[in-house]
Amino acid sequence: MNSTYFVCILVSMLYICKCFCMFQQVDQLSPFEQKETIDTNRKNRQSVKSFSIVKPKKTYQKHFVHTFYKKINNQKIYGHQAIVYDAKNMFSVLEPLRPGGCRDKVKATVLETAKQRKCVVAINGGFAHPETLGCYGNVVSDGHLVQKTNSLLVKAVNFGVKKDGSIAVGYIPQRLLTLKNPFIQLVSGIGWILRNGENYVNESLKLQQCSSDSLSQFANTKSARSFVGFDEEGCVHIIQVDGKTSDSGINLHDAASLLQSFGITNAINLDGGGASTFITNGSVVNYPSNICFKDGTESLCPANVTTVLCIHESDKCSNNCSNNGVCGKGRCRCQAGWFGIECDKNVLEFSSSWKNYKFIIGLTVTIGVLLVLNIFTCNLAFLYYSRYKSLVNSSKEKDQLRHYLRSRRALSSTENESDY
């Protein structure tokens, strides 16, 4: 009896544990160890040219999205690509869920964060910090410096868009962010995949703030991946590859060949594994590798992430706000004394014009009222005249009838005319 009782308890506990564990299976791909230590022999290694930069040759207020199938080193790669032709006005790095999300160490899905800017395309961005679990590395969002790495630590590889529209990839000197930040968008990744068109994976991993063993495994493991970079024309590419850690997808070395096939010259690696998510027009279009169980049904679900890369409608204002305002997120903020969508209307001129308009409107209303009154008066007079005329005609007809009857002696002189 007692043995049966304990067996039942044990089976119940195992079942409960299984249900709890199956609630969500997270596919996590991380280069960090559980307790990451900084290798002081590896810090502050900087090459003479620490980053590559390109200025767009032409800009268009457009973006391009497509799904691709490629064969890289005898393996089939499936994923999504988006290209934006005017990164300065159509590309943003978003904090998780809301402005201040990095400070508050918030994590959210790409779909939830993308609502901030009504992103037409969005992809997961930087990693989560191994200790704080907040945003990792340097983050600049829409011109606001959210956070920067400790300058005493090993550099993080970055992707950024500068205020002049040029695009940079690589190890950004901290003094640039400290003294006078030239970036309007900036995000950190792990692994400089392509540098000036060449595979730069091994060289870049030597500079990262991670142990050699964990980085080597991280670089060689097949998994879902996300990348951001630019081509020689200055167009920004974001690439997402579907997969599952240690099962399918792509490693960083093969990723270099994949990115080269798209004509990309410089690119960095973003968060991957279950975090790799691609959004278009408010829908998840890739196959996230996390498994969720809800109401006994198994489904794929995207993970909560930190920063998000967003392609949105152009922030460029038409006619440059007529030089009477400041453009912000596609809308003009007019200076004092100006208003309108393009800040092209002057308050004083409008007031003067409005006085003239008021006079014209007042005159038009007065004429209209007088015309209506005139028509009403004329109709009323005509009505009374018609009534009077009918009465007069009726009296004449009675007199003629009376005269006729008397002439025929059918009517005596004593009969009243009201009888007829």
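**Figure 1. Helix 7 and the glycine that follows.** Gly-263 comes after helix 7 and has a positive phi, near 80°. The model shown here and in every other view is predicted. Helix 7 spans residues 252-261, and its buried residues are Leu-252, Asp-254, Ala-255, Ala-256, Leu-258 and Leu-259. An α-helix has 3.6 residues a turn, so residues three or four places apart point the same way.

**Figure 2. The whole protein, as a setting for the close-up views.** The protein contains 8 helices and 25 strands. Of its 420 residues, 43% count as buried. Among contacts between residues at least 6 apart in sequence, 68% join residues at least 24 apart.

**Figure 3. Strand 16 and the strands paired with it.** Strand 16 covers residues 264-269, and because 6 of its 6 residues are buried, it is largely enclosed by the rest of the structure. Strand 12 (residues 192-195) runs antiparallel to strand 16 and is joined to it by 2 bridges. Within this pairing, Leu-194 stands opposite Ala-267 of strand 16. Strand 14 (residues 225-231) also pairs with strand 16 in the antiparallel sense, over 5 bridges. Here Val-228 has Ile-268 of strand 16 as its bridge partner. Strands of a sheet pair through backbone hydrogen bonds, either parallel or antiparallel.

Figure 4. Gln-81 belongs to strand 4, which spans residues 75-84. With a relative accessibility of 4%, Gln-81 counts as buried, because the cut-off for a buried residue is under 20%. Its side chain makes a polar contact of 2.6 Å with the side chain of His-66. A further polar contact, of 3.0 Å, joins the side chains of Gln-81 and His-237. Apart from neighbours within four places in sequence, the residues in contact with Gln-81 include Phe-64, Phe-68, Ile-239, Phe-262 and Phe-278.

**Figure 5. Gly-79, a buried glycine in strand 4.** Strand 4 also holds Gly-79. The relative accessible area of Gly-79 is 0%, and this residue is therefore buried. Between Gly-79 and Gln-240 lie 5.4 Å in space, C-alpha to C-alpha, although the two are 161 residues apart in sequence. Leaving aside neighbours within four places in sequence, Gly-79 is in contact with His-66, Thr-67, Phe-68, Gln-240, Val-241 and Asp-242.

Figure 6. Ala-122 has Ile-279 of strand 17 as its bridge partner.

**Figure 7. The hairpin of strands 7 and 8.** Strand 7 (residues 139-141) and strand 8 (residues 144-147) run antiparallel, joined by 3 bridges. Ser-141 stands opposite His-144 of strand 8. The two strands form a hairpin with 2 residues between them, and Asp-142 in the turn has a positive phi of about 50°.

Figure 8. The structure contains 5 salt bridges. In one of them, the side chains of Lys-57 and Glu-233 meet at 3.9 Å, N to O. Lys-57 lies in the loop between strand 2 (51-54) and strand 3 (63-72), and Glu-233 in the loop between strand 14 and strand 15 (236-241), so the pair ties together parts that are 176 residues apart in sequence. Lys-57 is exposed, with a relative accessible area of 58%, whereas Glu-233 is partly exposed, at 36%.

**Figure 9. A network of salt bridges.** Arg-98, Arg-103 and Asp-104 are linked in this network. Asp-104 forms a salt bridge with Arg-98, the closest N and O atoms being 3.1 Å apart. The side chains of Asp-104 and Arg-103 also meet in a salt bridge, at 3.1 Å, N to O. Arg-98 is partly exposed at 34% relative accessibility, and Asp-104 is partly exposed with a relative accessible area of 34%. Arg-103, at 63%, counts as exposed.

Conventions
Residues numbered from 1 in each chain as written. Predicted model: local features only at pLDDT ≥ 70, side-chain atom pairs only at ≥ 80, totals over all residues. Heavy atoms only, no water. Helix = DSSP H or I, 4+ residues; strand = E, 2+ residues; numbered from the N terminus. Buried < 20%, exposed > 50% of the residue type's maximum accessible area, 1.4 Å probe, protein only. Polar contact = N/O pair within 3.5 Å; in protein donor to acceptor, adjacent residues only side chain to side chain. Contact = heavy atoms within 4.5 Å. Pairing = 2+ DSSP bridges. Salt bridge = Lys/Arg side-chain N within 4 Å of Asp/Glu carboxyl O.
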